[in-house]
Amino acid sequence: MLAHRVRSLSEILTDRAREAGGRSGETISLIEGLCGAAAQLAQRVATPAADGSLGDYVGAANSDGDHQRLLDIVAEELCQKAAAGAGVGPYLSEETDGPLTLVRGGRLALAIDPLDGSSNIAVNGVIGSIFAIFPAPQGADRDPGLAFAQTGRGVIAAGFFMYGPQTRLVVSVGAGVDIFALDPASRGFVLMEERVRLPGGGREFAINAANARYWREPVRRYIDDCLAGADGPRGENFNMRWAGSMVADVYRILGRGGVFLYPADVRPGYERGRLRLVYEALPMAFLVEQAGGAATDGDTAILDLSAAKPHQRAPVILGDADEVAILRSLHMTPQDQFPRTSRLSVAG
Ligand code: AHG
Ligand code: MN
Ligand code: MN
């Protein structure tokens, strides 16, 4: 009897890329390069540091005014090196001031959040890296920013690494979502789950409720109704989770559904929420849509948005398509016609 041969990450992604009808070789090499960087990062995270913590602030503020921690910088160095090694042209990271050109003539562009959930570092919580790969458009050598002004419909591939009890890669090249886990002994990524689909009907929401007093009416109504549970208009109990890192929240939603929200709110500077469009919202929206879910900013599908500036923010509502549709209906309802209860039909 023939032994069952385990297919490698590159074989699986090559099949998927063929199915998606896209260019594959360079994209898969880049994903493999990022896997190498993630394996090194995972090892660094798992090793107790003799000289202070990876979560220590190291002074400088990044593009967005967030203070960089030591691990933000380590992650940026590893990711940028992997991208350059894979021939990436335009490169945009949360940790760079703006778009760079790594390799002139490079046909792929990479947008990356090298270290997501950095406030979790100090508490040994889940952290990750989020990425989106675009084609480098004409003229990108002169102006690498052009690559990141495309809508999310230009994304060729997207994924995230999750550094948790296991290091996992959630990835799509446009033909479904597959999940791999890092085997620390071989440093290879092995397939855990293929063609992941949101199960539907999730009754769980993720939002930072400490911001409740700043929410706008549509979000307040939705959460109020969830909190009212079986006694409220939804007639069902909901559960709540907030991991403090989008990778962990989105990973959970891919497994058991529900919604994740980082909405716009009334605080100055939060008119478009907190998360960055190009390297946080777009890759996650790509993955969630590929897994049968939906992602909106309250009005427009996230994948139909394009960034007017590289580090632009976007409100993010993603997860089960039915719940995202209810949230969109609430956002589309004129304030003076707000229903007494928000039991809106999905079509409404
Ligand atoms: P980053 O560490 O790259 O700045 O991103 C953290 C993000 C996201 O992962 C998480 O969902 C959110 O910020 C948490 O924000 P709050 O601290 O406002 O809850
Ligand atoms: Mn982030
Ligand atoms: Mn980050």
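This is a predicted model: local features need pLDDT of at least 70, side-chain atom pairs count only at pLDDT 80 or more; totals for chains, interfaces and linings use all residues.
Local features need pLDDT of at least 70, side-chain atom pairs count only at pLDDT 80 or more, and totals for chains, interfaces and linings use all residues. Residues are numbered from 1 along each chain as its sequence is written, chains are lettered from A and ligands numbered from 1 in the order in which they are written, and side-chain values use heavy atoms, leaving out hydrogens and water.

**View 1. An open sheet of 8 strands with mixed pairing.** The order is β4-β3-β5-β6-β7-β8-β9-β10. β4 (100-101) and β10 (188-193) each have a single partner strand, so one side of each lacks a neighbour in the sheet. Strands (E, at least two residues) and helices (H or I, at least four) are DSSP runs, numbered from the N terminus. Two strands pair if DSSP finds at least two bridges between them. Strands β3 (residues 90-93) and β5 (residues 108-116) run parallel, joined by 3 bridges. S93 has I112 of β5 as its bridge partner.

View 2. Contact means heavy atoms within 4.5 Å.

**View 3. Q150 in the loop between β6 and β7.** The Q150 side chain reaches the backbone oxygen of P135 at 2.9 Å. It also reaches the backbone oxygen of A147 at 2.9 Å. Leaving aside residues up to four places away in sequence, Q150 touches F134, P135, P137, L305 and S306.

Technical notes: A polar contact is a pair of N or O atoms within 3.5 Å; within protein, one must be able to donate a hydrogen and the other to accept it, and residues adjacent in sequence count only if both atoms are side-chain atoms.
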